[in-house]
Amino acid sequence: MNKGLGDVNAILRIYVANPPPMPGYNNLQQVRPLNQGEIDAIGYHCGNGWKKVFNVYAKLVFALPQDWRPDLNNATCWQDFRDNSLLQADSQTSLLFSPPQFVPGDERVLHVIAGRLHARQLQKNQYLSGGLTWLDEAFAINERYRVVVCPFLDYRQLSNEKILHVADLVSQFPR
């Protein structure tokens, strides 16, 4: 069962190793949508690192090819999407702290594993049984399950240029 934040039926599922270090988030047993303003609260209580996670996530949404982009709900910039839709009910986005669950033939879901070390740990524990094709030291893909491994959601690791690289990799997956 997926555990994390956002839309339980998300088409864009990003996996990170750890939840925000804040009561109510570290023992999730399911996917729970955020309420408007909750991203700000997490950033305030958990620090700049978590603000960056949400900012980079929203930037990635705006960079994705149209076929893979969640509904923007009339947002005209990534900041509006972050503040008004990201990880909320029916946002088509989720941030998961559990291992990926792949359904062969489910072409509607895009899986992004944030962090090379996180991906290697998932491989070691056999959660990525389909395997990964490493393209370089930071990026890997699995075409069958529509998986992209990229650097962690932080400006220094996943720069705007690398966000565009993720979008380019995603554009290779049929939908």
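# Close-up views of a predicted model

**Figure 1. Surroundings of Ser91.** Beyond its neighbours within four places in sequence, Ser91 is in contact with Asp7, Pro70, Asp71, Phe81, Ser85 and Leu86. The model shown here and in the other views is predicted. Ser91 sits in the loop between helix H3 (78–84) and strand E4 (93–96). Its relative accessible area is 1%. Buried means under 20%, so Ser91 is buried. Two polar partners are shown. The side chains of Ser91 and Thr93 are joined by a polar contact of 2.7 Å. A polar atom of the Ser91 side chain also lies 3.5 Å from the backbone nitrogen of Leu87.

Figure 2. Ser85 lies in the loop between H3 and E4. Ser85 counts as buried, at 6% relative accessibility. Its side chain and that of Asn73 make a polar contact of 3.1 Å. Setting aside residues up to four places away in sequence, Ser85 touches Leu72, Asn73, Asp80 and Ser91.

**Figure 3. Leu87, a non-glycine residue with positive phi.** The phi of Leu87 is positive, at about 65°, although Leu87 is not a glycine. Leu87 is placed in the loop between H3 and E4. Is Leu87 buried or exposed? Leu87 is buried, with a relative accessible area of 0%. The backbone nitrogen of Leu87 lies 3.5 Å from a polar atom of the Ser91 side chain.

**Figure 4. Helix H4 and its buried side.** H4 covers residues 116–124, and its buried residues are His118, Ala119 and Leu122. These residues span an arc of only 100° around the axis, which puts them on the same side of H4. The face turned away from the buried side carries exposed residues, Leu117 and Lys124. What covers the buried residues of H4? The cover includes strand E2 (12–15), E5, strand E6 (133–134) and E8.

Figure 5. Gln126 is found in the loop between H4 and E6. At 66% relative accessibility, Gln126 counts as exposed. The limit for exposed is over 50%, so Gln126 falls in that class.

**Figure 6. Helix H5 and its buried side.** H5 runs over residues 160–170, with Ile163, Val166, Ala167, Leu169 and Val170 buried. They take up an arc of only 160° around the axis, which puts them on the same side of H5. Which exposed residues does the face turned away from the buried side carry? That face carries Glu161 and Leu164. Helix H2 (48–63) is among the elements that cover the buried residues of H5. The cover also includes three strands: E5 (110–114), E7 (140–142) and E8 (147–150). E5 and E8 are also part of the cover over the buried residues of H4.

**Figure 7. Ile42 in helix H1.** H1 covers residues 38–46, and Ile42 is placed in this helix. At 0% relative accessibility, Ile42 counts as buried. Which residues does Ile42 touch, not counting those up to four places away in sequence? They are Leu5, Pro20, Met22, Tyr25, Leu34, Gly47, Trp50 and Phe54. Phe54 is 12 residues from Ile42 in sequence. In space the two are 9.8 Å apart, C-alpha to C-alpha.

Figure 8. How many cavities of 30 Å³ or more does a search of the whole structure find? The search finds 1. The largest cavity has a volume of about 30 Å³. Its lining is made up of Phe102, Leu128, Gly130, Gly131, Leu132, Asn142, Tyr145 and Val147. By class, 5 of the lining residues are nonpolar and 3 are polar, with no charged residues.

Definitions and conventions
Residues are numbered from 1 along each chain as its sequence is written. This is a predicted model: local features need pLDDT of at least 70, side-chain atom pairs count only at pLDDT 80 or more; totals for chains, interfaces and linings use all residues. Side-chain values use heavy atoms; hydrogens and water are left out. Buried means under 20% relative accessible area, exposed over 50%, partly exposed in between (1.4 Å probe, protein chains only). Helices (H or I, at least four residues) and strands (E, at least two) are DSSP runs, numbered from the N terminus. The arc is that of the directions from the helix axis to the C-beta atoms. Contact means heavy atoms within 4.5 Å. A polar contact is a pair of N or O atoms within 3.5 Å; within protein, one must be able to donate a hydrogen and the other to accept it, and residues adjacent in sequence count only if both atoms are side-chain atoms. On a 1 Å grid over the protein atoms alone, a cavity is a set of points where a 1.4 Å probe fits but cannot get out, and a pocket is an open set with protein on both sides within 12 Å along at least five of seven lines; lining residues have an atom within 4 Å of a point. Grid points are joined across faces, edges and corners, and a volume is the space filled by probe spheres set on the points. Ala, Val, Leu, Ile, Met, Phe, Trp, Tyr, Cys and Pro count as nonpolar, Asp, Glu, Lys and Arg as charged, and the others, Gly among them, as polar.
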